[in-house]
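Subject: Structure handover

Hello,

Please find the structure below, followed by notes on what was found in it. Have a look at it before reading on.

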Amino acid sequence: MRVDVVTIFPEYLEPLNVSLVGKARARGQLDVRVHDLRRWTHDRHHTVDDTPYGGGPGMVMKPEPWGEALDDIIASGAPAAPGEPPARPVLVVPTPSGVPFTQTLAVELSARPWLIFAPARYEGIDRRVIEEYGEHLDVYEVSIGDYVLAGGEAAVLVITEAVARLLPGVLGNAESHRDDSFAPGAMADLLEGPVYTKPPEWRGRGIPEVLLSGHHGKIARWRRDEAFRRTARNRPDLIERCDPAALDKHDRALLAELGWEQRPDGRFGRTAGVVEE
Ligand code: SAM
């Protein structure tokens with residue numbers, strides 16, 4: 001996968017040389033290219049921002065440098081094979097007003113061969129840039145959470161790491177992300193439950209017996225129960241949204257025990273009057 005990042009703080013992306021993403025780059029699984037937006041400015045001060053139309057506080061990123069940068073980077077894409085049209089990147093624009101970044105979106109992006117990130121500073125990028133590239137490319141405006149950062153670079157680090165670990169061969173064990181929280185599949189929409197390693201006793205604390213049983217069925221059941229318990233406690237919204245058809249008899253009994261009931265529309269909701277522990 002190729003990843004281009006256009007930013008006014010290239011040094012902010014240094015962590016992409018470290019750990020999992022750094023190793024994926026070194027192995028050639030990930031081709032990351034970080035560009036300084038100011039390279040595409042033409043005035044003495046390398047200006048990338050200006051005052052907002054309509055007034056108000058803050059500055060807005062000018063469209064011209066972004067347009068020139070994106071045109072050059074897009075033009076540098078080689079065709080996947082001779083005679084084929086040039087590769088088409090996906091444009092990812094981090095913004096608190098975007099769609100929430102989720103594991104499902106990470107999986108979707110990990111299937112694309114080329115991502116271009118446009119992290120902004122100030123009050124964001126002139127809207128016309130997003131409209132312009134939206135006519136030729138798939139543009140994802142993505143938020144990493146309901147809070148406001150000073151710039152989109154941290155969001156690029158988050159999204160790149162979440163996507164890179166899904167690429168074939170990047171994680172040592174391809175199964176590692178199968179049971180992750182939010183992983184699409186059997187445990188979809190559940191948080192992962194607790195995990196343990198050696199020693200079997202630490203500061204007087206043991207580990208759940210079932211994990212030592214060697215009984216795969218019982219271990220899987222225990223993990224699923226724990227996932228339900230944790231999800232009900234920390235993310236009740238996920239239980240409310242979960243597809244009742246994905247629940248077995250045991251799941252339903254556990255939810256009832258935890259104070260949840262099935263509503264007329266089939267979805268689960270908290271049983272009225274149940275007070276959380
Ligand atoms: N005025 C903007 C708003 O309220 O939507 C916030 C701009 S913020 C100060 C500057 C930049 O940081 C954004 O354009 C975006 O690139 C990035 N950013 C801030 N919070 C973010 C979030 N939660 N998710 C993704 N990017 C974010």
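**Ligand site**

There are 18 residues around the ligand, and those that come nearest are Pro-94, Glu-123, Gly-145, Tyr-147 and Leu-149. Please keep in mind throughout that this is a predicted model.

For Ile-144, a backbone N or O atom lies 3.0 Å from a nitrogen atom of the ligand. At Gly-145, which is also among the nearest residues, a polar backbone atom is 3.0 Å from a ligand nitrogen atom. Tyr-147, another of the nearest residues, has a backbone N or O atom 2.8 Å from a nitrogen atom of the ligand.

**Helix 3 and helix 5**

Helix 3 covers residues 103-110 and helix 5 covers residues 153-164; their axes come within 8 Å and cross at roughly 70°. An angle of 65 to 115 degrees counts as roughly perpendicular, and helix 3 and helix 5 are therefore roughly perpendicular to each other.

Which residues meet where helix 3 and helix 5 are in contact? Helix 3 brings Ala-106, Leu-109 and Ser-110, while helix 5 brings Ile-159, Ala-162 and Val-163. By type, the residues of this contact are five nonpolar and one polar, with no charged residue.

Two places in the loops deserve a look when you go through the backbone.

- The peptide bond that joins Lys-198 and Pro-199 is cis, with omega about 5°. Pro-199 sits in the loop between helix 5 and helix 6, the latter being residues 216-234.
- His-46 is not a glycine, yet its phi is positive, at about 50°. The loop that holds His-46 runs between strand 2 (31-36) and strand 3 (49-50).

Regards

Methods: Residues are numbered from 1 along each chain as its sequence is written. This is a predicted model: local features need pLDDT of at least 70, side-chain atom pairs count only at pLDDT 80 or more; totals for chains, interfaces and linings use all residues. Side-chain values use heavy atoms; hydrogens and water are left out. Axes are lines fitted to C-alpha atoms, for helices over the stretch in contact, and angles run from 0 to 180 degrees between N-to-C directions. Helices (H or I, at least four residues) and strands (E, at least two) are DSSP runs, numbered from the N terminus. Angles under 35 degrees count as roughly parallel, over 145 as roughly antiparallel, 65 to 115 as roughly perpendicular and the rest as oblique. Contact means heavy atoms within 4.5 Å. Ala, Val, Leu, Ile, Met, Phe, Trp, Tyr, Cys and Pro count as nonpolar, Asp, Glu, Lys and Arg as charged, and the others, Gly among them, as polar. A residue is near a molecule or strand if one of its heavy atoms lies within 4 Å of it. A polar contact is a pair of N or O atoms within 3.5 Å; within protein, one must be able to donate a hydrogen and the other to accept it, and residues adjacent in sequence count only if both atoms are side-chain atoms.
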